[in-house]
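Me: I want to go through some labels attached to a model and ask what stands behind each of them. Please set the value against the cut-off each time.

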Amino acid sequence: YLTQLFRRDPKVELDEMLFHPRAIATGRRSESGTFPVTVDGWDQYDVVILGDLTIEHLSVAAQETLITYLKERGGSLILIAGKESMPEAFATHPLAEVLPVTRIPSNAPAGNDSGYSFHVTEAGRTHNALMIGETDDATRIAWEFVNRFSPLHHVSPWRLPRPSATTLIAAVPRGTLDEEHAAKTSAFLSWQPVGRGRIVYLASPDTYRLRFLRGDRLHYRFWGQLLRWALAADLSSGS
(Lines give C-alpha, C1' and ligand atoms only; values in the text may rest on other atoms or scores of the structure.)
Protein backbone atom coordinates (compact mmCIF):
# COMPACT_ATOMS: atom_id res chain seq x y z
CA TYR A 1 0.00 0.00 0.00
CA LEU A 2 2.82 2.42 0.79
CA THR A 3 4.68 1.85 -2.46
CA GLN A 4 1.46 2.39 -4.37
CA LEU A 5 0.92 5.60 -2.42
CA PHE A 6 4.43 6.92 -2.99
CA ARG A 7 4.50 6.02 -6.67
CA ARG A 8 1.46 8.21 -7.19
CA ASP A 9 3.11 11.17 -5.49
CA PRO A 10 5.36 13.14 -7.88
CA LYS A 11 7.09 14.79 -4.91
CA VAL A 12 8.45 11.46 -3.66
CA GLU A 13 11.43 9.54 -5.04
CA LEU A 14 11.75 6.06 -3.61
CA ASP A 15 13.74 2.85 -3.87
CA GLU A 16 11.80 -0.28 -2.96
CA MET A 17 12.94 -3.66 -1.69
CA LEU A 18 10.57 -6.60 -1.35
CA PHE A 19 11.64 -10.14 -0.41
CA HIS A 20 8.34 -12.02 -0.34
CA PRO A 21 6.47 -13.39 -2.26
CA ARG A 22 9.14 -12.52 -4.84
CA ALA A 23 12.30 -10.47 -4.74
CA ILE A 24 12.03 -6.89 -5.99
CA ALA A 25 14.70 -4.19 -5.81
CA THR A 26 14.42 -0.85 -7.59
CA GLY A 27 16.53 2.26 -8.09
CA ARG A 28 19.79 2.35 -6.19
CA ARG A 29 19.01 -1.01 -4.60
CA SER A 30 18.50 -2.88 -7.87
CA GLU A 31 22.16 -3.76 -8.48
CA SER A 32 22.93 -5.31 -5.07
CA GLY A 33 19.41 -6.36 -4.07
CA THR A 34 20.41 -5.71 -0.46
CA PHE A 35 20.28 -2.95 2.11
CA PRO A 36 23.21 -0.54 2.49
CA VAL A 37 25.98 -1.67 4.80
CA THR A 38 27.75 1.69 5.05
CA VAL A 39 26.68 4.98 6.61
CA ASP A 40 27.12 6.74 3.27
CA GLY A 41 24.87 4.16 1.68
CA TRP A 42 22.05 4.89 4.14
CA ASP A 43 22.70 8.61 3.83
CA GLN A 44 21.39 8.55 0.26
CA TYR A 45 17.92 8.56 1.81
CA ASP A 46 16.01 11.17 3.81
CA VAL A 47 13.74 8.53 5.39
CA VAL A 48 14.10 4.76 5.69
CA ILE A 49 10.94 2.66 6.17
CA LEU A 50 11.38 -0.95 7.30
CA GLY A 51 8.62 -3.54 7.48
CA ASP A 52 8.43 -7.15 8.67
CA LEU A 53 12.01 -8.07 7.78
CA THR A 54 13.89 -11.18 8.83
CA ILE A 55 17.37 -11.10 10.28
CA GLU A 56 18.68 -12.73 7.10
CA HIS A 57 17.67 -9.66 5.11
CA LEU A 58 18.95 -7.01 7.55
CA SER A 59 22.45 -7.98 8.65
CA VAL A 60 24.14 -6.79 11.82
CA ALA A 61 26.43 -4.59 9.70
CA ALA A 62 23.39 -3.00 8.05
CA GLN A 63 21.78 -2.42 11.45
CA GLU A 64 24.89 -0.87 12.96
CA THR A 65 25.48 1.52 10.08
CA LEU A 66 21.77 2.38 10.02
CA ILE A 67 22.00 3.41 13.68
CA THR A 68 25.09 5.50 12.95
CA TYR A 69 23.17 7.15 10.08
CA LEU A 70 20.50 8.12 12.60
CA LYS A 71 22.89 9.32 15.29
CA GLU A 72 25.45 11.17 13.19
CA ARG A 73 23.72 12.07 9.94
CA GLY A 74 20.36 13.04 11.41
CA GLY A 75 18.45 10.41 9.45
CA SER A 76 14.89 9.25 10.09
CA LEU A 77 13.75 5.65 10.42
CA ILE A 78 10.13 4.47 10.40
CA LEU A 79 9.84 0.90 11.61
CA ILE A 80 6.59 -1.03 11.11
CA ALA A 81 6.08 -4.12 13.28
CA GLY A 82 4.81 -7.33 11.72
CA LYS A 83 3.51 -10.73 12.77
CA GLU A 84 6.50 -12.76 11.55
CA SER A 85 9.80 -11.17 12.56
CA MET A 86 9.87 -7.45 13.29
CA PRO A 87 10.86 -6.58 15.95
CA GLU A 88 10.66 -9.88 17.88
CA ALA A 89 13.45 -11.57 15.90
CA PHE A 90 15.74 -8.57 16.53
CA ALA A 91 15.43 -8.66 20.33
CA THR A 92 19.15 -9.42 20.78
CA HIS A 93 20.32 -7.35 17.81
CA PRO A 94 21.53 -3.72 17.61
CA LEU A 95 18.21 -2.48 16.17
CA ALA A 96 16.33 -3.35 19.38
CA GLU A 97 18.56 -0.97 21.36
CA VAL A 98 17.15 2.13 19.62
CA LEU A 99 13.49 1.10 19.59
CA PRO A 100 11.20 3.49 21.51
CA VAL A 101 9.39 0.44 22.96
CA THR A 102 10.08 -2.84 24.72
CA ARG A 103 8.02 -6.02 24.92
CA ILE A 104 4.96 -5.85 27.16
CA PRO A 105 4.83 -8.31 30.09
CA SER A 106 3.13 -11.61 29.37
CA ASN A 107 0.45 -10.84 31.99
CA ALA A 108 -0.58 -7.54 30.36
CA PRO A 109 -4.25 -7.23 29.29
CA ALA A 110 -4.84 -8.56 25.81
CA GLY A 111 -7.26 -7.31 23.20
CA ASN A 112 -10.64 -8.97 22.87
CA ASP A 113 -12.62 -9.96 19.82
CA SER A 114 -13.52 -6.31 19.32
CA GLY A 115 -9.86 -5.43 18.75
CA TYR A 116 -8.14 -2.20 19.68
CA SER A 117 -8.98 1.46 19.30
CA PHE A 118 -6.66 4.21 18.08
CA HIS A 119 -6.32 6.45 21.15
CA VAL A 120 -4.69 9.77 20.27
CA THR A 121 -2.72 10.81 23.35
CA GLU A 122 -2.36 14.29 24.78
CA ALA A 123 1.01 14.60 23.04
CA GLY A 124 -0.59 13.53 19.75
CA ARG A 125 -3.64 15.78 19.78
CA THR A 126 -1.77 18.80 18.48
CA HIS A 127 1.08 16.96 16.76
CA ASN A 128 1.66 17.77 13.10
CA ALA A 129 2.13 14.11 12.18
CA LEU A 130 -1.46 13.29 13.12
CA MET A 131 -3.22 16.21 11.43
CA ILE A 132 -5.31 14.15 9.01
CA GLY A 133 -8.04 16.79 8.92
CA GLU A 134 -8.03 20.42 7.85
CA THR A 135 -8.56 21.61 11.45
CA ASP A 136 -8.10 20.24 14.97
CA ASP A 137 -11.80 19.40 15.16
CA ALA A 138 -11.78 17.74 11.75
CA THR A 139 -8.76 15.65 12.80
CA ARG A 140 -10.48 14.55 16.03
CA ILE A 141 -13.62 13.58 14.12
CA ALA A 142 -11.54 11.67 11.55
CA TRP A 143 -9.85 9.52 14.21
CA GLU A 144 -13.21 8.86 15.86
CA PHE A 145 -14.50 7.81 12.44
CA VAL A 146 -11.59 5.37 12.05
CA ASN A 147 -12.25 3.80 15.46
CA ARG A 148 -15.90 3.34 14.69
CA PHE A 149 -15.59 1.73 11.28
CA SER A 150 -12.10 0.22 11.08
CA PRO A 151 -10.63 -0.75 14.48
CA LEU A 152 -7.29 -2.47 14.94
CA HIS A 153 -7.36 -6.26 15.20
CA HIS A 154 -3.68 -6.97 15.84
CA VAL A 155 -0.80 -5.14 17.48
CA SER A 156 2.70 -6.32 18.28
CA PRO A 157 3.55 -7.22 21.89
CA TRP A 158 6.44 -4.79 21.41
CA ARG A 159 4.56 -1.67 22.45
CA LEU A 160 5.55 -0.75 26.01
CA PRO A 161 7.00 2.78 25.69
CA ARG A 162 10.47 3.48 27.02
CA PRO A 163 10.87 6.50 29.34
CA SER A 164 12.66 8.31 26.50
CA ALA A 165 9.80 7.76 24.04
CA THR A 166 6.81 9.92 23.14
CA THR A 167 3.57 8.09 22.36
CA LEU A 168 1.33 9.86 19.86
CA ILE A 169 -1.24 7.09 19.39
CA ALA A 170 -1.97 4.26 21.81
CA ALA A 171 -3.58 0.91 21.00
CA VAL A 172 -6.25 0.54 23.65
CA PRO A 173 -8.32 -2.67 23.90
CA ARG A 174 -11.89 -1.79 23.00
CA GLY A 175 -14.10 -1.67 26.06
CA THR A 176 -11.22 -0.79 28.42
CA LEU A 177 -12.47 1.28 31.36
CA ASP A 178 -9.21 3.04 32.19
CA GLU A 179 -8.15 4.27 28.75
CA GLU A 180 -5.58 6.72 30.08
CA HIS A 181 -3.65 4.00 31.93
CA ALA A 182 -3.83 1.68 28.92
CA ALA A 183 -2.59 4.49 26.68
CA LYS A 184 0.57 4.83 28.78
CA THR A 185 1.43 1.13 28.47
CA SER A 186 0.35 0.25 24.92
CA ALA A 187 1.86 2.45 22.21
CA PHE A 188 0.72 2.14 18.61
CA LEU A 189 2.69 5.11 17.22
CA SER A 190 5.67 6.29 19.23
CA TRP A 191 9.03 7.87 18.56
CA GLN A 192 12.25 8.90 20.24
CA PRO A 193 15.39 10.80 19.22
CA VAL A 194 18.48 8.80 18.31
CA GLY A 195 21.41 11.18 18.38
CA ARG A 196 20.71 13.80 15.70
CA GLY A 197 18.01 11.64 14.12
CA ARG A 198 14.84 9.90 15.19
CA ILE A 199 13.09 6.56 15.03
CA VAL A 200 9.33 6.27 14.60
CA TYR A 201 7.66 2.98 15.51
CA LEU A 202 4.29 1.58 14.47
CA ALA A 203 3.13 -1.48 16.43
CA SER A 204 1.14 -2.82 13.48
CA PRO A 205 1.00 -2.47 9.69
CA ASP A 206 -2.71 -1.69 9.98
CA THR A 207 -2.56 1.94 8.87
CA TYR A 208 -3.68 0.49 5.52
CA ARG A 209 -7.14 0.37 7.12
CA LEU A 210 -7.28 4.12 6.59
CA ARG A 211 -7.51 3.40 2.85
CA PHE A 212 -10.95 1.91 3.29
CA LEU A 213 -12.42 5.15 4.59
CA ARG A 214 -13.27 8.28 2.65
CA GLY A 215 -11.65 7.25 -0.60
CA ASP A 216 -8.07 6.84 0.67
CA ARG A 217 -7.81 10.48 1.74
CA LEU A 218 -7.05 9.59 5.37
CA HIS A 219 -4.28 7.12 4.47
CA TYR A 220 -2.70 9.62 2.07
CA ARG A 221 -2.86 12.46 4.58
CA PHE A 222 -1.54 10.35 7.47
CA TRP A 223 1.57 9.21 5.64
CA GLY A 224 2.09 12.60 4.02
CA GLN A 225 2.02 14.32 7.40
CA LEU A 226 4.18 11.64 9.03
CA LEU A 227 6.88 11.96 6.36
CA ARG A 228 6.81 15.76 6.46
CA TRP A 229 7.34 15.66 10.20
CA ALA A 230 10.10 13.03 9.93
CA LEU A 231 11.90 15.16 7.37
CA ALA A 232 11.56 18.21 9.60
CA ALA A 233 14.23 16.63 11.82
CA ASP A 234 16.63 18.45 9.52
CA LEU A 235 14.99 21.78 10.43
CA SER A 236 16.11 21.88 14.04
CA SER A 237 16.61 25.63 13.82
CA GLY A 238 13.82 27.89 12.66
CA SER A 239 10.19 26.98 12.08
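**Labels and the values behind them**

Reply: The model is a predicted one. In the second largest pocket, α5 supplies the largest share of the lining, six residues.

Me: What is the volume of the second largest pocket?

Reply: The volume of the second largest pocket is about 310 Å³. Its lining has 14 residues, and those closest to its centre are Val120, Arg125, Arg140, Trp143 and Glu144. Two elements, β6 (116-120) and α5 (136-149), each give two or more residues to this lining.

Me: How is the lining of the second largest pocket divided by class?

Reply: It has four nonpolar, five polar and five charged residues. Trp counts as nonpolar, while Arg and Glu count as charged.

Me: What makes β6 "mostly covered"?

Reply: Five of the five residues in β6 are buried. The cut-off for buried is a relative accessible area under 20%. Tyr116, Phe118 and Val120 point one way from the strand, Ser117 and His119 point the other way, and all are buried.

Me: How do you know that β6 and β8 pair?

Reply: Pairing needs at least two bridges between the strands. β6 and β8 (residues 166-173) have five bridges, in the antiparallel sense, so they count as paired. Phenylalanine 118 stands opposite alanine 171 in β8.

Me: Why is glutamine 63 called buried?

Reply: Its relative accessible area is 0%, and buried means under 20%, so glutamine 63 is buried. This residue is found in helix α3 (residues 60-73).

Me: What makes the pair of glutamine 63 and histidine 93 a polar contact?

Reply: The limit for such a pair of N or O atoms is 3.5 Å. The side chains of glutamine 63 and histidine 93 make their polar contact at 3.2 Å, which is therefore within the limit. A polar atom of the glutamine 63 side chain also lies 3.0 Å from the backbone oxygen of leucine 58.

Me: Which residues does glutamine 63 touch, not counting those up to four places away in sequence?

Reply: Glutamine 63 touches Leu58, Phe90, His93, Pro94 and Leu95. Contact here means heavy atoms within 4.5 Å.

How values were computed: Residues are numbered from 1 along each chain as its sequence is written. This is a predicted model: local features need pLDDT of at least 70, side-chain atom pairs count only at pLDDT 80 or more; totals for chains, interfaces and linings use all residues. Side-chain values use heavy atoms; hydrogens and water are left out. Helices (H or I, at least four residues) and strands (E, at least two) are DSSP runs, numbered from the N terminus. Buried means under 20% relative accessible area, exposed over 50%, partly exposed in between (1.4 Å probe, protein chains only). A polar contact is a pair of N or O atoms within 3.5 Å; within protein, one must be able to donate a hydrogen and the other to accept it, and residues adjacent in sequence count only if both atoms are side-chain atoms. On a 1 Å grid over the protein atoms alone, a cavity is a set of points where a 1.4 Å probe fits but cannot get out, and a pocket is an open set with protein on both sides within 12 Å along at least five of seven lines; lining residues have an atom within 4 Å of a point. Grid points are joined across faces, edges and corners, and a volume is the space filled by probe spheres set on the points.
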